[in-house]
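I opened the model to see how one chain is built and what surrounds an annotated site. My entries follow in the order I looked things up.

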Amino acid sequence: MALASHRHISSCLCSIHSSLCYSTRPEMERSSLQRQLANLKKSLFDQGNLDEQFDQLEELQDDASPNFVEEVVTLFFRDSSRLVANIEQAIEKSPRDYGSLDALVHQLKDSASSIGAAKMMKECTVFREYCDKRNLEGCLRSFQKVKKEHSTLRLKLENYFQLLRQVGPAEKATRSGN
Amino acid sequence: MSSSRGGNGCGGEGERQIHVLAVDDSSVDRAMIARILRSSKYRVTTVDSGKKALELLVLEPDVNMIITDYWMPEMTGYELLKRVKESSELREIPVVIMSSENVPNRINRCLEEGAEDFLLKPVRPSDVSRLCSRIR
């Protein structure tokens, strides 16, 4: 009798345990994704790829415009890729028109500032200084840095939005400072 | 999902909704300014050049405010401002200039030419709220 009831209790416990596991597994996965999302966002800010202007974009997102941030970032990469290609052409042209080159870098910088792409803005500022001095070496060096940051940022933000989609529309990454 | 801040409904409602024409050659900035204005309940039309802005102003006489970027190819925001202020039909429309550069001469020139205000980019919802009392 005692043995039977012991078996009964442990089988009850087993089924409770497995039903608990079944209901918490998606929650555990979700909270792991949320952590990854928060860490990715923190790294974007800590490493200076983004600044508080990005937070401003997130503030503008709401139920009426639920994908606003991703839409604006997509527009940014579309425009900036075109500008990078144009800069590539302008820098290889002979004779070099530093005025036109500067105008293109200026546009790129402005675009970057709208989404809070801080490192890109810094690299563009340096690039413009070299344009001003008509220093080709300097221009070429800073353009390499601009292109590198452009690729890095694109990759990191693609990951960010992918994670955001997995976590679900009701979630938002914690603020950069947390 | 956070609700957007700065959405103080200044743009009005229904028939009394304020119609803003936003002019910027950058698609990113057009998206930003449109979102900020719409979250304050303004009705917004965006165009990517001064030329298109002038064409639209002829077709749509109900524009209550123009907000324009300063640096644009072909026609700058300053040139657009001048054209608007020189026109008897359009001169009453308030014009706000936006620029990423804080150049005092530029700002003064625009204000002297009749600009309502000069906003530094990136524009924030609080900048738009500031315009509220001036436009009504």
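I began with burial in chain B: buried residues make up 54% of its 136 residues. Buried means under 20% relative accessible area, exposed over 50%, partly exposed in between, with a 1.4 Å probe and protein chains only.

I noted the ground rules. This is a predicted model, where local features need pLDDT of at least 70 and side-chain atom pairs count only at pLDDT 80 or more, while totals for chains, interfaces and linings use all residues. Residues are numbered from 1 along each chain as its sequence is written, chains are lettered from A and ligands numbered from 1 in the order written, and side-chain values use heavy atoms, without hydrogens and water.

**Fold of chain B.** I counted five helices and five strands. These are DSSP runs numbered from the N terminus: helices are H or I of at least four residues, strands E of at least two. Along the sequence I read β-α-β-α-β-α-β-α-β-α.

**Sheet.** I found an open sheet of five strands in chain B, ordered β2-β1-β3-β4-β5, with parallel pairing. Strands pair if DSSP finds at least two bridges between them. The edges are β2 (43-47) and β5 (117-120) of chain B, each pairing on one side only. I then checked β1 (residues 19-23) against β3 (residues 65-69) of chain B: four bridges join them, and they run parallel. V20(B) has M65(B) as its bridge partner in β3(B).

**Core.** I looked for nonpolar cores, meaning sets of buried Ala, Val, Leu, Ile, Met, Phe, Trp, Tyr and Cys residues joined through side-chain atoms within 4.5 Å. The largest has 64 residues; F54(A), L101(A), F127(A), L157(A), Y42(B) and I67(B) have the most contacts inside it. Helix α3 (residues 68-92) of chain A gives the largest share, twelve residues. Another core, of 24 residues, lies apart from it and includes V47(B) and Y78(B).

I followed I67(B). Leaving aside neighbours within four places in sequence, its contacts (heavy atoms within 4.5 Å) include V20(B), I33(B), V96(B) and L119(B).

**Annotated site.** The UniProt annotation "modified residue: Phosphohistidine", from an unreviewed entry, covers H106(A). Such annotations may be inferred rather than shown by experiment. I placed H106(A) in helix α4 (residues 98-115) of chain A. H106(A) counts as buried because its relative accessibility is 9%. Beyond neighbours within four places in sequence, H106(A) is in contact with R128(A), W71(B), S100(B) and E101(B).
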